[in-house]
Amino acid sequence: MRAKKYLFSTLRENPHYADSISHKLMIRAGIIRQSSSGIYTWLPTGLRILKNIKKIIKSEMQKINALEVQMPMLQSENLWKLSDRKKTYGAELFKISDRKNNNFVLGPTHEEIITNLVRNELKSYKQLPLLLYQIQTKFRDEIRPRFGVIRSREFIMKDAYSFHISSLSLNKTYNLIKNVYKKIFLKMKLNFHIVEADSKTMGGVKSHEFQALSSNGEDSIALSTKSNYAANIQVATSKRKVEKHTLNHIAKKNFLKTLPEMSNKCFASNMNTIKTILVKPKKNTNYDFIAILLRGDHTINESKLSKIKIISYPVIFASKIEILKLTGTTENFIGPIGLNIPILADFSVISLKNFTIGSNVTGKYFNNMNWNVNLSFPKIFDIRNVLEGDISPDGIGKLKILKSIEIGHIFQLGEKYSKTMKAQVQDHTGYKKFLKMGCYGIGVTRTVAAIIEQNNDDKGIIWPISVAPFKIAIVPINLYASKIVQNESKSLYYLFKNNNISVLLDDRNERSGKMLSDIELIGIPYIVIISENLLKENKVECRNRSKNTKIIVSKDDIIALIQEEIKIS
């Protein structure tokens, strides 16, 4: 590609509206342009990167005989009603109607469509296992799009779906895909972890996420310092240290402590306090609220809490008005004593002695409280977020918590969709069985951002060779003042092209400094600089963007050098 015929859209300054490294650099390097909130146009440079990522994905999927399909973005709302996900997906589902008032959704994912397809196409277990995939645009009505393409309303995803007659077959494919995804992300030179995850609205019995480390990540993952334990913060647990409670060292009296003696801030962060949080139960229960007890320095984990049978999904917290009506005070002074509603507690509060709780009286707390003395033991659950330094649940090492970006997610869905949508085949005995199903996604556009988050410097992006928009850029010095530079630049350009090395010849009539800064900003891995002085010695300069090195080599050796670099990178 010649730069004069290419769309260079580089910017010198960071855009004021960009809020992450990747977002800033994608705008500055001319990879994307915002059309509206959370919606982007991908410019030629960005499209070349996307094509390279798709090429890696397709290559690895073909190796395991996955079959590519193309499903509609526009999906009948009836399918989402059939799967019962229209309600659980909630406001993130884009809904539209046609001129005949038929209702549709813009697909955020394709479990309904693919299950509807296979229930009409598959008849026998002999057709299984089946693995289908696509790479396609998805839509989610994000309440707050941010970080550029990390959290957007329109995005590209690679989604795959497998169908099986047995759980054993499903598990085999699940592990196969897990290894394939590892290969895909390693080819992109990403630093990532495979972690236990929450299946959320997807459902199913098992899931893992592929999390790329990033300080701008929306997710948090917990890793053991000494073992292989790794989990998303939503499901991460720690080793429980529930001591056998005795009455030793129990304070002889308890009393109301006034607000000046203990500020709200102190109460909310104190390890020896218990805060009470009111949430709503599922419908058709005999009570309006449930009290959740949590240690003062801990935070509630909504994902864990929502898995308790009597808790609403998603978790709904009591409003200020509802709290006042039930307790006569504000959320800062709620306590479990006198509440005639179910009380659930995190396991961490059970070991506390002489603790402080809210009194349901504004400005006052109960001090020196104890279990089996002042309060009965509540039902115990793991409902808190783990903390840095907690003991790993396997007892090996402590937990460290890192920020990350989810780039892939795989699920064992089991019969969740096949049962609701009646997807069955005959087994070897002639009886109909519901299909077992797996789902496997890669966020393609989000992966672009994750790569940039991990590969950048003060000059711009540093692309791994496998996904770079061009593998090499030729920057001629004084191109339009030197005939020899013109001839050699053109000759070398075609030499790279004939050797199937994607190359950009910067033949713009610009200062060399401007050309170099643009190429470095875009992140092209290798830069060959051609100057009249070097050509007199039959040499050129070759710069390695990732290593920030430069060498002078013979013009005749440059192709072999770049080919070797590409081979080992």
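Modeller: The axes of helix α2 (residues 44-63) and helix α6 (residues 167-187) come within 10 Å and cross at roughly 150°. Helices here are DSSP runs of H or I, at least four residues, numbered from the N terminus. Axes are lines fitted to C-alpha atoms over the stretch in contact, with angles from 0 to 180 degrees between N-to-C directions. So α2 and α6 are roughly antiparallel to each other (a term for angles over 145 degrees). Their crossing is right-handed (the near helix is turned clockwise from the far one by less than a right angle).

This is a predicted model: local features need pLDDT of at least 70, side-chain atom pairs count only at pLDDT 80 or more, and totals for chains, interfaces and linings use all residues. Residues are numbered from 1 along each chain as its sequence is written, and side-chain values use heavy atoms, without hydrogens or water.

Now the contact (heavy atoms within 4.5 Å). From α2 come I56, I57, E60, M61 and K63; they meet I177, V180, K183, I184 and K187 of α6. These residues divide into 6 nonpolar, no polar and 4 charged.

M61 leads on to the core. The largest nonpolar core has 52 residues, and M61 is among those with the most contacts inside it, as are I31, Y181, F185, M188 and W463. Such a core is a set of buried Ala, Val, Leu, Ile, Met, Phe, Trp, Tyr and Cys residues joined through side-chain atoms within 4.5 Å; buried means under 20% relative accessible area, with a 1.4 Å probe and protein chains only. Helix α6 gives this core its largest share, 7 residues.

Take F185. Leaving aside neighbours within four places in sequence, F185 is in contact with L190, F192, F210, I407, G408, I442 and T447.

Key
Helices (H or I, at least four residues) and strands (E, at least two) are DSSP runs, numbered from the N terminus. Angles under 35 degrees count as roughly parallel, over 145 as roughly antiparallel, 65 to 115 as roughly perpendicular and the rest as oblique. Ala, Val, Leu, Ile, Met, Phe, Trp, Tyr, Cys and Pro count as nonpolar, Asp, Glu, Lys and Arg as charged, and the others, Gly among them, as polar. Buried means under 20% relative accessible area, exposed over 50%, partly exposed in between (1.4 Å probe, protein chains only).
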